[in-house]
Amino acid sequence: MEETDREAVATAVQRVAGMLQRPDQLDKVEQYRRREARKKASVEARLKAAIQSQLDGVRTGLSQLHNALNDVKDIQQSLIDVNKDWRQSINTIENLKDVKDAVVQHSQLAAAVENLKNIFSVPEIVRETHDLIERGELLQAHRKLMDLECSRDNLMYEQYRMDSKNTHDMNLIHTYFGDMQKLSEELAKQLWMVVQRSLVTVRRDPTLLVSVVRIIEREEKIDRRMLDRKKQTGFIPPGRPKKWKEKMFSILERTVSTRIEGTQADTRESDKMWLVRHLEIIRKYVLDDLLVAKTLLDQCFPPHYDIFNRLLNMYHQALATRMQELAAEDLEANEIVSLLTWVLNTYTSAEMMGNSELSPEVDVNSLDALISQNVVDQLLSKYMSTLTSNIIGWLRKALETDKKDWIKETEPEADQDGYYQTTLPAIVFQMFEQNLQVAAQINEDLKTKVLILCLQQMNSFLTRYKDEAQLYKEDHLKNRQYPQCYVQYMIAVINNCQTFKESIISLKRKYLKSDMEDTLSISHANMDATLDIIAKEGCSSLLDEVFMDLEPHLNELMTKKWLMGSNAVGTICVTVEDYFNDFAKIKKPYKKTMTLEAHRRVVVEYIRAIMLKRISFKNAEERKEGAEKMIREAEQFRFLFKKLAAGSGEDTEGLCDIIEAIAEVIKLTDPSLLYLEVSTLVSKYPDIRDDHIAALLTVRGDASRDMKQTIIETLDQGPSQPNPNYVPIFKEITVPTLTVPKLLK
């Protein structure tokens, strides 16, 4: 208490110190005292009021506790009185046992009297019920059956109450009503027949189906009542619960499974399209059944049956089982595609579960998969394996068929632009297209895999194609008269290369996503390279054919006969032009290359004829005559290849300039300028070797050994500044040694 007083004084001192900090505040001391006095009086008043309120509450609580104590004492006394009365009445209850037995016996007799009429008329009711069942009046039949069952159940229940261990009397009642059980089974049989045909019955006679549902509902109510009584008394009549509702759904489930399984009308042996037909029938049946269930069947059942969703689940489970069975069979590639397309796409499409008439009850996004992803992966793996084998076989067969065309005696067909071609590219890419279209029906991932597979196999196929084209050429060289249309079919092979290129690009553009381009860039480059090799070798073989025919005329060049007026070059030009009339059927990229190569080879052969030193001019007049003839012939070549290259935009004159440059060296009349002329030639064509210069000077016929040596040595010492655009040509030309002409002779 003293501590509290000290704290109060200290607080008061602080407050007074806070009020009297300035001298002028001393004048207000009286004012401060009155204000503090008012505050103190207010606090004391509130404190007194609070204490008074607490005292009143305590007083009220004590009063209530006193009253409760009195009530408890009264209850205790009442319980004592009740206990005393109960003990006094025990003997009285035991004396009433006989009355109780009499009441039970009276109840049993009353039940017997109540059912007496039914008991005596059981045989008649059984006959009537049987007739009603046969006539299809199921509701009336069930009503009579219920009356019979009620009579039997009441009698058995009373017997059970009187003596539950008396099985003899129970069996007697059961035997007497034995025909009733047969009636129940017969009625159930009729009900299940209607349930099995419910989707048909609901269209023809919905009333009959409603009657069946009403009967099942009655039985369900009786089952529930009997089960409730069993909980109370332990008694339940024989045959209960019947569980007809559960039985109905079980029969519906079996009916759905049988309907799905029964749609397979064909086998692989009888019809290659058996699976497609089977799946289409399933699709049609399931869609029709669900539409009927939604629009008609749903109205015949109570809402709590949820009949549409129950049927939907049954169909889904039956389909899942059937699809798993089909997936487990040894399916062919096309059958795997049909199955997966149906399972992954058709099932949830607007043609089936996604049909607008089934929404919103059917949500395709909530449907489980018909077959697991693992099974799907296994089927896809098997499909890819089978497809790989099939593609290899198809490509091999297509190539064999194309090879048979190569030896025909008729020219190959031409496309709309007049270019020779065979059917090979069309067959190959039609096959690829078909497989890609099929794969696209399943999913994008499979389509990409099939495209990659097709291009991989295409890569291998082109290698075989190249080898076969080479063998074709080699066989022809053994007998140039066979095959008769060798040139035309080799042109077709070359054109096929361009067609293959275009088809590959088209296939990728159509079926490959842009973000996948990089994955196939290497493979595409390899195929393009192989096709270019095939085309290049084909063009080379055709030019070989040309130059084998030109060989006799090329051998006439730079000979005495040639100088005397031989028309070998004219014949060469005519022959080349004649061949190029056929070569016009070659597509542009390769025709352009072939024209340039032909031009090059003609010039090379002409220069090679010069370097063979078949002629050595005796005097300036012969040199002039020979040089002018060379210039005229160079002009003939220039005119020819300019004509053949018309529209290509290529410069075809540069090669012929080499012949003219050599002619200028031969034509030179002043030997002192020979070094200058030769050095000009070497500066233009830096791949000219010493033996080429020696051969050229030999053809001139007026250069001594020392002059040749001096010119060659001087040229060797001089710097060479080759034209960067010049394509070496002299490196292909070999100058024969002294023994070579002898061997040729």
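## Contacts and overall form

Among contacts in the protein chain between residues at least 6 apart in sequence, 75% bring together residues at least 24 apart. Keep in mind that this is a predicted model. The protein chain holds 28 helices and zero strands.

How does the radius of gyration of the protein chain stand against that of a compact globule of 745 residues? Such a globule would come out near 27 Å, but the protein chain has 57 Å. Along the principal axes, the C-alpha atoms fill a box of roughly 170 × 125 × 40 Å. For one example of distance within the chain, take Pro-238 and Val-604: they are 366 residues apart along the chain, and their C-alpha atoms are separated by 114 Å.

## Surface and interior

Of the 745 residues of the protein chain, 41% count as buried. The chain exposes about 42,300 Å², and carbon and sulfur atoms supply 53% of that area.

## Aromatic pairs

A search of the whole structure turns up 16 aromatic pairs. One of them is formed by Phe-249 and Tyr-305, whose ring centres are 5.9 Å apart; their planes meet at 40 degrees, so this pair is tilted. Distant parts of the chain are linked here: Phe-249 belongs to helix H11 (residues 244-261), while Tyr-305 lies in the loop between helix H12 (274-300) and helix H13 (307-328), 56 residues apart. Are these two residues buried or exposed? Phe-249 has 5% relative accessibility and Tyr-305 has 1%, and because buried means under 20%, both count as buried.

Trp-342 and Tyr-347 give another example, with ring centres 5.9 Å apart and planes at 35 degrees, so the pair is tilted. Both Trp-342 and Tyr-347 are buried. Elsewhere, ring pairs join Trp-406, Phe-429, Phe-432, Phe-461, Tyr-465, Tyr-472, Tyr-486 and Phe-500 into a cluster.

## Charges over rings

## The loop between H10 and H11

Pro-238 is found in the loop between helix H10 (206-233) and H11. With a relative accessible area of 26%, Pro-238 is partly exposed.

Lys-243 lies in the loop between H10 and H11 as well. The relative accessible area of Lys-243 is 45%, which makes Lys-243 partly exposed.

## The loop between H12 and H13

Asp-306 also has a positive phi, near 50 degrees, in a residue other than glycine. You can find Asp-306 in the loop between H12 and H13, the loop that holds Tyr-305. Asp-306 counts as partly exposed, at 37% relative accessibility, whereas Tyr-305 counts as buried, at 1%.

## Two cis peptide bonds

Ser-359 and Pro-360 are joined by a cis peptide bond, with omega of about 0 degrees. Pro-360 sits in the loop between helix H14 (333-346) and helix H15 (373-406).

A cis peptide bond also joins Tyr-482 and Pro-483, where omega is about -5 degrees.

## Cysteines

A disulfide is a covalent bond between the sulfur atoms of two cysteines. How many disulfides does this model have? The count comes to zero. Cys-454 is in no disulfide, and the nearest cysteine sulfur, that of Cys-497, is 19 Å away. Cys-454 counts as buried, at 0% relative accessibility.

Terms used: Residues numbered from 1 in each chain as written. Predicted model: local features only at pLDDT ≥ 70, side-chain atom pairs only at ≥ 80, totals over all residues. Heavy atoms only, no water. Phe/Tyr/Trp six-rings, centres within 6.5 Å; stacked < 30°, edge-to-face > 60°. Helix = DSSP H or I, 4+ residues; strand = E, 2+ residues; numbered from the N terminus. Buried < 20%, exposed > 50% of the residue type's maximum accessible area, 1.4 Å probe, protein only. Rg over C-alpha atoms; globule rule 2.2 N^0.38 Å. Contact = heavy atoms within 4.5 Å. Areas by Shrake-Rupley, 256 points an atom, 1.4 Å probe, with all protein chains shown as cover. Disulfide = S-S within 2.5 Å.
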